[in-house]
Amino acid sequence: MSLASLGSLGSRLRGWFTGRRVVIGIPYLWLLVFFLLPFLILAKISVSEMETVQFKDLVTYRDGLLQLSIKLGNYVFITQDELYWRTYLASLKYAAATTLLCLGIGYPFAYFMARAKATVQPALLMLVMLPFWTSFLLRVYSWKALLSEHGWVADLLIATGADQLLAAAGLITAPGKLMNTPFSLVLGMVYTYLPFMVLPLYGNLAKMDLRLLEAAADLGATPWVTFWKITVPLSKAGIIAGSMLVFIPCVGEFVIPELLGGPETMMIGRTMWDEFFSNNDWPMASAVAVVMILLIIVPLAIFNKYQAEAQEAQR
């Protein structure tokens, strides 16, 4: 290739790599490296035949014959085994309950932060961020001490009779026994993931145009009608972002169910751990992970598609 051709090629490449394209390309590169490639590796392992210490190649060429070997037995087994479906449903149930509780607690807190004085907002924001300064594992372990026998949270719930209500609702097996129950599991997940709900809501509510609220009040709307008809719809993006940030990691959570949920609480994270490290069945564990990702990603993608179309229609 001549020097003139090389110079022309360099000019074209410099013209293509503009600052705008580089900035737009960074999120796609992030998704490619940290989501698509790991997902494809998982998908490959899930349909591979496992030998003693390694996986068989999916494509082999021997004696002039090209063979493609894809094992679908793991996916068939997942659809037929009731244990896996119960585990998936339990994960979705606990993740949905955690998301709703985080939204119910986080929305008033984020609203209060957004409407607080500008001098107070940094302190409130620091209070939300403060738990992140401590190890995640230590924070979860601390709940074991607080909810165990003679822990002050457990003593408080027992003294106020709240444990009787929790037992009547089926959240704990018996009054006074708070650890290793659905209650301790959901409490630990709400505590851990609440900041992920508050921060996007605060960011959305803080930049809301308050003149709309004043206009509604001038037109005679009550505070509740103003909140329901204006504030909630305008904060829908924050609600969706916070819900996704809480729901998605909760579905695959492993540490909190292991420490606070007890041996009888089966979630998909623990099932994957057992398949990977106890049974050493990596193809089966990968198939479980692929199904879990699809159960989360496909509905979210469909929802985002229809939401984008609805927003486009409103313009």
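Leaving aside residues up to four places away in sequence, which residues does glutamine 121 touch? In this predicted model, the list is Met113, Ala114, Ala116 and Tyr202. Glutamine 121 itself sits in helix α5, which covers residues 121–129. Is that glutamine buried or exposed? Its relative accessible area is 16%, and since the cut-off for buried is under 20%, glutamine 121 counts as buried.

Now over to the nonpolar interior. The largest nonpolar core takes in 58 residues. If you want to look at the ones with the most contacts inside that core, pick out Ile78, Tyr88, Met189, Val288 and Met292. Helix α9, residues 182–206, supplies the largest share of this core, with eleven residues. Valine 288 is a handy one to zoom in on: once you skip residues up to four places away in sequence, it touches Ile78, Tyr84, Tyr88, Ile268 and Met272.

Next, have a look at a pair of helices. Helix α10 spans residues 210–218 and helix α11 spans residues 223–234, and the two pack with their axes 10 Å apart at an angle of about 160°. Angles over 145 degrees count as roughly antiparallel, so that is how α10 runs relative to α11. The crossing of α10 past α11 is right-handed. On the α10 side, the contact is made by Leu212, Leu213 and Ala216, while α11 brings Thr226, Ile230, Thr231 and Leu234. Sort the residues of this contact by type and you get five nonpolar, two polar and no charged.

Methods. Residues are numbered from 1 along each chain as its sequence is written. This is a predicted model: local features need pLDDT of at least 70, side-chain atom pairs count only at pLDDT 80 or more; totals for chains, interfaces and linings use all residues. Side-chain values use heavy atoms; hydrogens and water are left out. A nonpolar core is a set of buried Ala, Val, Leu, Ile, Met, Phe, Trp, Tyr and Cys residues joined through side-chain atoms within 4.5 Å. Buried means under 20% relative accessible area, exposed over 50%, partly exposed in between (1.4 Å probe, protein chains only). Helices (H or I, at least four residues) and strands (E, at least two) are DSSP runs, numbered from the N terminus. Contact means heavy atoms within 4.5 Å. Axes are lines fitted to C-alpha atoms, for helices over the stretch in contact, and angles run from 0 to 180 degrees between N-to-C directions. Angles under 35 degrees count as roughly parallel, over 145 as roughly antiparallel, 65 to 115 as roughly perpendicular and the rest as oblique. A crossing is left-handed if the near helix is turned anticlockwise from the far one by less than a right angle, and right-handed if clockwise. Ala, Val, Leu, Ile, Met, Phe, Trp, Tyr, Cys and Pro count as nonpolar, Asp, Glu, Lys and Arg as charged, and the others, Gly among them, as polar.
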